[in-house]
Structures are given as C-alpha cells and as structure tokens.
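I opened a notebook page to look up side-chain contacts. My entries follow in the order I made them.

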Amino acid sequence: MKKTLIDPVSAATRDCAAMHPLLSGLAESALARLCADMRSGEGTGDALAILGDPCAAAMAYALCDEDDLAASLLVDDLLEAGVGVGDLCLEHLAPAARRLGDLWDRDRLPFTEVALASARIQAILRRLPAERGAASLHHARGAIFGAVPGEQHTLGVMMAADLFRRNGWDVSLLVGLSHDELLQRMMRDDRPVIGLSCSGDHSYPALRRLLAAMAKARPEVEILLSGQIVHAPERMADLPARVVPVPDMAAAEAEMARIGAALQGRRRARARPAARRASSAA
C-alpha cells in the first residue's frame, strides 16, 4: 500500500485556519516561509519539532518578516477573531518568542532577527487594548519585575509585567541593569513583591549575588522566581534567600493572587483601629 505523505505547510495552515477562521493570508505566508526553510535545510526532524503549534510558528516568522506590519496585522486579525489580550500574549506571542529563542540557540536564526522580533513584540504590547474589567491602579498592589544582570531573555518578564498591569498591579519593570543599579532601584522602591527572571546557568551567579544582597537589604519582600532556572532543583536549593518558584504564567497568577489577598487583608486590619477611633470621637 502506498503511504500518503502529509505536507506540513497545508496541514499546519489548515489547523491554524480551523482555530481562527478570520485570519488573513499572513498566517499562511508565514507558515509557507517556515516550511520552505524546513525543506531547504538538513535536519528536517529538528525543524518539524520546532514547528509545533502552527499559529505560534506563523507569529514567530511574522515577527521576523521584512514587512514591519506583518506581525501587527496578524495580531489585529487575532483580536478581531475574538482572541483576548491575555490569550494573545500567553498562547501566541510567548510561544513565538520561545520558538525564536530555540532557533537562535540552534544557530538557525541570527541575533539581529531575534532582536528585531523582540522590539516588535514590545511595540505590540504597548498598543494592545486594555482588557475589560481591569482593576483601577488607584487601589493597585505593587510589584517590581526584573531580569537578573546579564540576562538576555527578557521578553517573558516584559510580557508578565504588561499582563499584571492590566490586572490592576502597579508594576515597575527593570531590565538591562547592572547589579548595583538593580539593587539600588529595589532598595529605594517599597513595593512588597519582586519578580525575577533567570533563564539558566549563565545568569545563575548574578542571581545568587542579587538574592544575597536583597536578603540583607529587604528581608521582608516576597520574591518570585521564573525562567528555566526553576527546573534545576540543585540550583534552587543553593540560593541564598527564600524564593517562590513560578514555572509558568498560571503559577505566577496564583502566587500574585495569594499575595494580593494578603495585602488587602493587611490594609483592612490597619484600617479597623482608625475607623474605631473615628467612631468613638463622633
């Protein structure tokens, strides 16, 4: 019996169209570029493994496209198809960023294209519409999100900062700073939560140095840690300060919700004596 070979271009495009039928031809053209790269080079198995979700692959290649508007138009199509801002970030932009990082790590994509894609993602985040029902910053809880010194993979922490801002958190984002600069900013800022991103062994010494300094300067602060480092138990066990590992966005949201509830409880507890004094004076 003759085997039927499935063309990854048509299969991936069909899957993407089925998920989001209002998408324009940009997804198809981006996937066509991806699969053309797969056909032209050796190691097709690696490329097929990298392909993964077709919409994430389309977004990754649109972000590197020569046309500055390719990724923006694809984002607009997704929003018009009913995809929410949170899902857009977590299910499309974040997987696309990871895909590009994988390609870079495998020397299949130059750093210039990754940097271009990073800049385009940041521009897209700045123009995304506000989610309905987002909490007002008037009563916002505070957090500092930052990448450890020397960390090059910063898109994840940038997206997390944007999403939590939309959920009513007052987030200060610190990336690209030296150890001394980062420490000074964190010492001057009284936000009760610090979220750090560390992608692996290359930035682990900088993470340990920063945590040791923070343990002395701000021992009361809650520190959340994300990135590939949280999947290394021996590294996590050797950190000089207590941290809460958050391996994904769901874990981060759960921890931030827990902290937010605790902060609200503390505010209410502080408000009760003042209310009683006011009632007695009246």
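Entry on the model. I note that this is a predicted model.

Entry on aromatic rings. I searched the whole structure and found 1 aromatic pair. Phe145 and Phe164 form this pair, edge-to-face, with 5.7 Å centre to centre and 85 degrees between the planes. I placed Phe145 in strand E1 (residues 141-147) and Phe164 in helix H8 (residues 155-166), so the pair ties together parts 19 residues apart in sequence. I checked burial: Phe145 is buried, and so is Phe164.

Entry on a charge over a ring. I found the charged end of Arg235 over the ring of Tyr204, 4.4 Å from its centre.

Entry on salt bridges. I read a total of 9 salt bridges in the structure and looked up some of them.

Asp76 and Arg127 meet through their side chains at 3.2 Å, N to O. This pair links distant parts of the chain, with Asp76 in helix H5 (residues 70-80) and Arg127 in helix H7 (residues 111-127), 51 residues apart. Asp76 is partly exposed at 25% relative accessible area, and Arg127 is partly exposed at 38%.

Glu222 forms a salt bridge with Arg258, the closest N and O atoms being 3.5 Å apart. I located Glu222 in strand E4 (residues 222-226) and Arg258 in helix H12 (residues 249-281), 36 residues apart. Is Glu222 buried or exposed? Glu222 counts as buried, at 19% relative accessibility, because buried means under 20%.

Last entry. Arg191 forms a salt bridge with Asp170, at 3.3 Å between the closest N and O atoms. I also noted a network of salt bridges that links Asp170, Asp189 and Arg191.

Definitions and conventions: Residues are numbered from 1 along each chain as its sequence is written. This is a predicted model: local features need pLDDT of at least 70, side-chain atom pairs count only at pLDDT 80 or more; totals for chains, interfaces and linings use all residues. Side-chain values use heavy atoms; hydrogens and water are left out. Rings of Phe, Tyr and Trp (its six-membered ring) pair if their centres lie within 6.5 Å; planes under 30 degrees apart count as stacked, over 60 as edge-to-face and the rest as tilted. Helices (H or I, at least four residues) and strands (E, at least two) are DSSP runs, numbered from the N terminus. Buried means under 20% relative accessible area, exposed over 50%, partly exposed in between (1.4 Å probe, protein chains only). A charge sits over a ring if NZ of Lys or CZ of Arg is within 6 Å of the ring centre and within 35 degrees of the ring normal. A salt bridge is a side-chain nitrogen of Lys or Arg within 4 Å of a carboxyl oxygen of Asp or Glu.
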